[in-house]
Amino acid sequence: MDKKLYELMNWPRIEALVYSEEDEPQEILGPHKVKGGTLIQAFLPTAVQMEVILKDTGKAVEMEKTDEEGFFAALVPAALAKDSAK
């Protein structure tokens, strides 16, 4: 996994989400602005792979499976992001 992506993720909260112990999942899941772009996270236990399609460009950005339970993440660089994840 990309080191920058790894460092942006809140691992204790991700673990809590995976084990249904997270009280505020919206604070973790979905797109969130971070330094250098947009961090997009999703939890889909049955998914094998995932991608995000950017609204403005139609470009597909592959998400990394960061946890064997089905947690995915992608860091979309600021140049591509522009609030365009859907």
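Visitor: Which residue forms a salt bridge with glutamate 27?

Guide: Side chains of opposite charge can pair when their charged atoms come close. The cut-off here is a side-chain nitrogen of Lys or Arg within 4 Å of a carboxyl oxygen of Asp or Glu. In this case the partner of glutamate 27 is arginine 13, with the closest N and O atoms 2.9 Å apart. Glutamate 27 sits in the loop between helix H2 (11–18) and strand S1 (30–34) and arginine 13 in helix H2, so the pair ties together parts that are 14 residues apart in sequence. Helices (H or I, at least four residues) and strands (E, at least two) are DSSP runs, numbered from the N terminus.

This is a predicted model, where local features need pLDDT of at least 70 and side-chain atom pairs count only at pLDDT 80 or more, while totals for chains, interfaces and linings use all residues. Residues are numbered from 1 along each chain as its sequence is written, and side-chain values use heavy atoms, with hydrogens and water left out.

Visitor: Which residues are linked with Arg13 in a network of salt bridges?

Guide: Glu22 and Glu27 are the ones linked with Arg13. The bridge from arginine 13 to glutamate 22 is 2.7 Å, N to O.

Visitor: Is glutamate 22 buried or exposed?

Guide: Read it off the relative accessible area: buried is under 20%, exposed over 50%, partly exposed in between (1.4 Å probe, protein chains only). Glutamate 22 has 17%, so it's buried. Arginine 13, at 23%, is partly exposed, and glutamate 27 is partly exposed too, at 45%.

Visitor: How many salt bridges does the structure hold?

Guide: Three. One of them joins glutamate 7 and lysine 3 at 3.9 Å, N to O. These two are four residues apart in helix H1 (residues 3–8), so about one helical turn separates them. Glutamate 7 and lysine 3 are both exposed.

Visitor: How many aromatic pairs turn up in the whole structure?

Guide: A pair of aromatic rings is described by the distance of the centres and the angle of the planes. Rings of Phe, Tyr and Trp (its six-membered ring) pair if their centres lie within 6.5 Å; planes under 30 degrees apart are stacked, over 60 edge-to-face, and the rest tilted. A search of the whole structure finds two such pairs. In one, tyrosine 6 and tryptophan 11 have ring centres 5.3 Å apart and planes at 35 degrees, so the pair is tilted. Tyrosine 6 is partly exposed at 45%, as is tryptophan 11 at 22%.
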